[in-house]
Amino acid sequence: MLSRTANHLYWMARYIERAETTARLLEVGGRSALLPDIGGGFRNDWEAILQANGTLEMFNEKYSDTVQRNAETFLFFDADNPSSVLSCLNMARENARIVRTALTSSVWDAINGAFQELKQFQRTERSKLQLSDLTEWTLRSTALIRGCIETTQLRNDGYHFMGTGFGIERADNTARLLDVKYYVLLPSVSYVGSGLDQSQWVTLLRSMSAHRAFSWTYPGELTAAKIADFLILNRMFPRSLLSAVQHSCEHLDHIGRGYGGATPAQSKVREILAELAEAQVKDIFDEGLHEFLIRFMRQNGDLAYTVHESYLQGMPT
Amino acid sequence: MLNGAEVRAAYESLERWHKSMPDDLRSLKQSEAENLFKRVGITFAVYGEGGDPERLIPFDMFPRVFTNSEWRKLDRGIRQRAAALNAFLADVYDRGEIIKAGRIPEHLITKNAAFEKAAIGFRPPRNIYSHIVGIDLVRTGADQFFVLEDNCRTPSGVSYMLQNREVMMRMFPQLFVENRIAPVDGYARLLKKTLASVAPLKCDSEPTVVILTPGQFNSAYYEHSYLADLMGVELVEGQDLFVEGDFVWMKTTEGPKKVDVIYRRLDDDFIDPLCFRPDSMLGVPGLMSVYRSGGVNICSCPGAGVADDKAIYTYVPEMIRFYLGEAPILENVPTWQCAKNDDYKYVLEHLSELVVKEVHGSGGYGMLVGPASDKSTIELFRQKIIENPGNYIAQPTLSLSACPTFVDAGIAPRHVDLRPYCLVGETIELVPGGLTRVAMTEGSLVVNSSQGGGVKDTWVLAE
Amino acid sequence: MRLNVKHVTRYSFDTPARGLVQTHKLIPSTCGSQNILSWTVTTGDAIRGAAFRDSAGDMVETISVRGPVDELVIEVIGEVETVDLFGVLRNYRETVPPTTYLRRTRMIRPDTALRELSAAALEGLDGDSALNRAHALARAVNEAIEYVPGATEEMTTAAEALAGGKGVCQDHTHALIAVAHAADIPARYVAGYLHSGEDAMGEASHAWAELYVQGLGWVGFDASNRCCPDERYIRLCSGYDAQDAAPIRGIMNAGVKEHLDVSVAVMSQYQQ
């Protein structure tokens with residue numbers, strides 16, 4: 001298939017995944033605002049959310065107050081914020097539009113429908129829009145798109161480039177959220193195990209729709225080690241790093257088989273997968289969670305680069 | 001309705017159909033049609049007009065009907081014209097017999113901006129230059145058609161012909177049961193066959209055909225992707241192709257793949273920055289070298305536009321006689337060329353009765369419709385003509401036929417034209433039908449979609 | 001006269017270019033005034049192909065280099081036997097109708113000043129021979145634009161050069177084409193080499209115009225040197241203007257700064 005087509009499909013998937021992550025963050029922020037201040041009220045939760053989204057600096061340049069309404073506008077509607085739901089869905093739709101013929105009509109309808117509805121929201125008076133409606137709408141729309149891809153797309157190379165995009169973006173998003181929690185949100189090591197620490201872990205789990213799954217899987221006290229195990233190494237949890245990399249690996253394997261030969265992309269993803277499959281939480285904490293996550297994100301970034309070099313530019317070097 | 005007189009037999013079932021359709025059902029159907037167009041994404045962007053780049057082209061549900069015998073004449077006339085235009089191109093880029101014979105003045109060709117030096121002395125595969133010929137026709141009487149202009153480069157609009165039919169069949173299946181309407185959906189297969197048949201000699205296996213588009217911001221991008229999809233070929237941009245050695249390659253996920261035939265929807269000027277405009281980012285550097293050395297074919301061939309120029313148009317009947325030795329089946333609209341002294345005088349004296357067009361204009365821009373213009377507009381145009389007579393031609397306003405068209409108040413006649421698409425490869429192919437464009441405002445003669453014109457499904461009744 | 005040419009063009013890039021494509025017209029064709037004894041073009045590791053002779057009689061070849069590339073050296077070495085035909089292009093194979101060379105490009109579009117220069121040069125010459133009229137135009141351009149290197153740039157148009165009154169061979173040639181067009185005389189740009197003695201203007205890499213003279217065909221006029229090409233000239237290729245006639249046209253992937261280093265030597269070797 002045309003490299004540019006594969007590139008658009010791959011990025012379409014990455015933007016859909018990213019839109020979903022931003023919507024989940026918004027949901028968490030909105031929910032936190034309903035809860036009493038556990039940490040003593042000295043820290044604004046929206047700031048933490050923006051930090052996790054990687055856009056706090058940009059937000060501060062544009063808005064004076066980190067109040068809910070501003071954060072909501074910024075994370076959902078702001079076209080200048082490249083991670084806003086609007087920006088991500090616009091980009092996803094633009095990528096899809098360019099390669100429309102590589103998509104089934106139901107996938108295109110789902111993406112284009114979301115885009116049209118979003119335009120409708122933009123025209124609606126803001127006071128009539130509930131935050132929960134917006135986030136639920138986003139999760140529903142992205143789920144619909146995924147569902148259409150799963151049930152209607154031909155299992156050809158295009159499908160697997162989308163799958164690779166979902167996997168790589170998801171691995172990056174989970175690692176980023178985890179790292180931000182551990183390294184940025186917690187003001188000092190002395191808070192480890194405190195009420196603030198606990199509430200932030202819960203927030204993090206919530207952002208991945210995982211707090212109940214976690215409780216089922218790990219009985220007893222909530223600890224950093226258990227959460228790290230869950231979010232990094234658990235094969236059952238679909239957003240764990242291991243699951244996400246496994247996802248990328250499966251799709252890249254299909255591509256390699258379809259083309260009758262592997263490229264450096266397959267070796268790269270196997271290398272990451274092998275390490276995760278062997279890893280223990282203890283080793284990760286020995287290395288330092290932050291150090292481990294930074295290394296992982298770099299590896300995942302290398303994988304994205306290798307995929308690009310091997311397939312998406314059309315001239316293997 | 002035709003000529004205000006009796007309703008033609010072919011329209012009888014349509015009469016029953018629209019009379020049996022109450023207003024509310026009609027508007028329901030109309031919005032259903034619009035939704036169908038919106039869902040497939042068929043839109044029309046107009047250059048430089050701003051606004052919504054994904055605006056819909058108005059669709060009129062009332063089909064236009066040709067009887068089989070009417071179509072047979074058109075069919076013969078169109079094929080004849082497409083053959084003559086290609087013979088003309090093959091001649092002017094080679095020996096120039098028609099010039100030597102004194103039938104067409106040399107300067108009209110060599111000084112023409114569309115005449116391409118890079119195309120001289122080179123024979124493209126099968127000696128065909130224009131592979132998709134769009135011929136714009138109007139009807140002025142029961143059996144009288146005039147050709148308004150020829151389009152030899154990359155005529156657009158065929159996706160509307162196909163989509164209009166799809167939408168009509170989906171919404172009004174009963175009409176297609178009651179009437180035997182010749183299908184048009186073979187077009188994509190014929191187009192692919194035509195393009196594959198003009199692969200260069202160096203291609204020794206199943207030819208790889210691609211469509212080259214300027215990109216998603218082009219007004220006809222939808223059509224490019226639609227045709228690529230129907231034909232099952234890649235839709236490429238310049239950046240997807242590169243030249244290496246004797247061939248053109250496309251960048252794929254499996255590495256470079258050789259390309260044999262490029263159906264380009266890009267103007268000559270932009271296809272190769274090493275041969276034409278150096279600032280073009282849309283083309284493929286070195287493409288012309290590969291083309292000229294026989295490594296790839298480009299459809300239409302660079303320089304094909306010299307045959308569809310409005311100044312050359314006048315000579316098409318002459319071409320038919322000269323190359324084919326036949327009498328022209330379709331007539332030209334009588335045309336005055338302001339470059340000629342006598343014509344110039346006549347035009348200036350009769351501006352209020354004439355339609356004046358720019359020689360190189362298109363899309364209905366830069367045009368004067370005398371009878372529909374006020375005095376000051378006419379005077380302004382008069383100055384333009386005086387400043388640069390060679391840039392203008394004039395034609396009489398024809399009493400164009402009108403077709404029943406849905407309007408707010410029900411059904412009313414509106415002016416229409418027709419563009420059939422003729423495919424020229426190993427054989428000449430023409431699907432029975434074309435794109436009917438309709439002027440949506442009363443009395444208007446301008447059917448261009450860039451100026452608010454709409455489209456209709458075009459029926460040719462099967463025998 | 002037997003002339004030896006060595007023409008080296010060296011492109012070097014600050015950051016390696018991802019890829020590079022060029023179209024070359026670097027091989028002269030045999031005609032009445034020149035016989036090519038030997039001619040080689042080397043282009044390093046570049047992949048060559050898609051070679052053909054174009055309608056104007058020039059050999060065209062496209063080369064490409066897959067990146068990364070930080071340097072490309074193009075070397076032309078050749079030997080040519082020349083005779084003086086007073087600028088007349090004879091025994092030359094081409095298929096472009098001469099009137100095609102009335103096409104106006106940005107570089108050669110005549111403005112009012114160029115049209116006036118053309119009219120003034122031809123004043124009173126209505127009944128004169130086509131050749132004399134062409135000479136008058138070349139003379140007028142030579143007098144109107146002084147040969148001053150560095151006063152103009154690659155993209156300077158004929159109109160701008162005339163307005164500035166200074167220029168190099170490219171400007172003289174563009175201006176001569178423009179004044180010829182103003183008089184409805186087909187004219188084109190020729191790129192080539194000149195074995196310059198002490199008094200000739202211009203460098204070894206040179207340009208002049210050809211005007212279509214009724215009865216004679218294409219005739220060269222070097223407005224810079226106020227003469228017609230003789231045995232010191234080697235004709236390489238032609239086009240509407242300098243850009244169309246460029247011996248090397250190239251495109252590089254974006255964002256790369258290129259340095260260009262050209263050396264040309266033309267030496268003569270008198271026969272025994």
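Me: Where in chain B does N127(B) lie?

Reply: This is a predicted model, in which local features need pLDDT of at least 70, side-chain atom pairs count only at pLDDT 80 or more, and totals for chains, interfaces and linings use all residues. Residues are numbered from 1 along each chain as its sequence is written, while chains are lettered from A and ligands numbered from 1 in the order in which they are written. Helices (H or I, at least four residues) and strands (E, at least two) are DSSP runs, numbered from the N terminus. On that basis, N127(B) lies in the loop between α5 (106-110) and β2 (132-141) of chain B.

Me: What is the phi of N127(B)?

Reply: Most residues other than glycine have a negative phi, and most peptide bonds are trans. N127(B) is not a glycine, although its phi is positive, at about 60°.

Me: Which applies to N127(B): buried, partly exposed or exposed?

Reply: A residue is buried if 20 or more other C-beta atoms lie within 10 Å of its own, exposed if 12 or fewer, and partly exposed in between, with C-beta atoms placed from the backbone. N127(B) has 14 other C-beta atoms within 10 Å, so it is partly exposed.

Me: What is phi near in A50(C), and in which element is A50(C) found?

Reply: A50(C) is a residue other than glycine with a positive phi, near 50°. A50(C) is buried because 27 other C-beta atoms lie within 10 Å. The element in which A50(C) is found is strand β3 of chain C.

Me: How many residues does chain C bring to its contact with chain B?

Reply: Two residues are in contact if their C-beta atoms, placed from the backbone, lie within 7 Å. Chain B gives 25 residues to this contact, and chain C gives 21 residues.

Me: Which element supplies the largest share of the side of chain C that touches chain B?

Reply: β1 (2-27), β3 (47-53), β4 (59-82) and β11 (248-252) of chain C each supply at least two residues of that side. By class, it has 10 nonpolar, nine polar and two charged residues; Ala, Val, Leu, Ile, Met, Phe, Trp, Tyr, Cys and Pro count as nonpolar, Asp, Glu, Lys and Arg as charged, and the others, Gly among them, as polar. The largest share is five residues, and they come from β3(C).

Me: What is the radius of gyration of chain A?

Reply: Chain A has 15 helices and zero strands. The globule rule, 2.2 Å times the number of residues to the power 0.38, is set against a radius of gyration taken over C-alpha atoms. For 317 residues the rule gives 20 Å, and chain A is as compact as a globular protein of that length because its own value is close to this, at 20 Å.

Me: What percentage of the residues in chain A is buried?

Reply: The C-alpha trace of chain A spans about 60 × 50 × 35 Å along its principal axes. Of the 317 residues in chain A, the buried share is 47%.

Me: What distance separates the C-alpha atoms of S84(A) and T22(A)?

Reply: S84(A) is found in the loop between α4 (68-77) and α5 (85-98) of chain A. S84(A) is buried because 24 other C-beta atoms lie within 10 Å. T22(A) is 62 residues from S84(A) along the chain, and their C-alpha atoms are separated by 6.6 Å.

Me: At roughly what angle do the axes of α12(A) and α13(A) cross?

Reply: Axes are lines fitted to C-alpha atoms, for helices over the stretch in contact, and angles run from 0 to 180 degrees between N-to-C directions. The axes of α12 (residues 241-258) and α13 (residues 264-278) of chain A come within 9 Å and cross at roughly 150°.

Me: Which handedness does the crossing of α13(A) and α15(A) have?

Reply: α13(A) and helix α15 (residues 289-312) of chain A pack with their axes 8 Å apart, at an angle of about 165°. They are therefore roughly antiparallel; angles under 35 degrees count as roughly parallel, over 145 as roughly antiparallel, 65 to 115 as roughly perpendicular and the rest as oblique. A crossing is left-handed if the near helix is turned anticlockwise from the far one by less than a right angle, and right-handed if clockwise. The crossing of α13(A) and α15(A) is left-handed.
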